[in-house]
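Hello,

Here is the structure we spoke of passing on.

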Amino acid sequence: MKWFKFIIWVQLFLAALTNAGTGIGLLTGMAYGDYVSDVYAMFPVLRLLDILEGLLCLALAAAAIYIRFQLSGYRQKGPTLYLYFLLVSIAVSLVYVLVASLILGTFAGDPSSIISLAANVVVVLLNLTYFEKRRFLFVN
């Protein structure tokens, strides 16, 4: 159960903080630093994408905290919500990179983002197996 404790005490709190920070950064344009007005002047549709992504990140931050309490209470739907959370996080990141790439006319990601997405898919598969073996614990 060490992995479970890591998920509920570290991973989901860090996911909430990271998503909240990313959401605020995208909503305020902090991601572009001093060039925010120049970037949005050249790519006005990017502002709309950043607002939508920022709101999704804030929703994911709230979901991470909710799911943490579902898991820690051994709620029956906790593992399923956690796996959906991971999948939605991957999808949101992937869609953002793809749409931003279309807007910018060049690939908006970097090699680390591709590696991160691949690693997250592996984490989903591993957690699927992990929670399937422990399904009997989540009965509340």
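**Helix pair α1 and α5**

Helix α1, residues 2-28, and helix α5, residues 111-133, have axes that come within 11 Å of each other and cross at roughly 115°. Please keep in mind that this is a predicted model. The crossing of the two helices, α1 and α5, is left-handed.

Which residues make the contact? On α1 they are W3, F4 and I7, and on α5 they are N127, Y130 and F131. By class, the contact of α1 with α5 has 5 nonpolar residues, 1 polar residue and no charged ones. I started from the angle and the distance because two packed helices are described by the angle between their axes and the distance between those axes.

**The chain as a whole**

The chain holds 5 helices and 0 strands, so that, read from the N terminus, its elements run α-α-α-α-α. Its C-alpha trace spans about 55 × 25 × 20 Å along the principal axes.

How much of the chain is buried? Of its 140 residues, 32% are buried. The accessible surface of the chain is about 8400 Å², and carbon and sulfur atoms account for 74% of that surface.

On contacts within the chain, take those with a separation of 6 or more: 72% of them join residues 24 or more positions apart.

Regards

Technical notes
Residues numbered from 1 in each chain as written. Predicted model: local features only at pLDDT ≥ 70, side-chain atom pairs only at ≥ 80, totals over all residues. Heavy atoms only, no water. Axes fitted to C-alpha atoms, helices over the stretch in contact; angles between N-to-C directions. Helix = DSSP H or I, 4+ residues; strand = E, 2+ residues; numbered from the N terminus. Left-handed = near helix turned anticlockwise from the far one by under 90°. Contact = heavy atoms within 4.5 Å. Nonpolar A, V, L, I, M, F, W, Y, C, P; charged D, E, K, R; others polar. Buried < 20%, exposed > 50% of the residue type's maximum accessible area, 1.4 Å probe, protein only. Areas by Shrake-Rupley, 256 points an atom, 1.4 Å probe, with all protein chains shown as cover.
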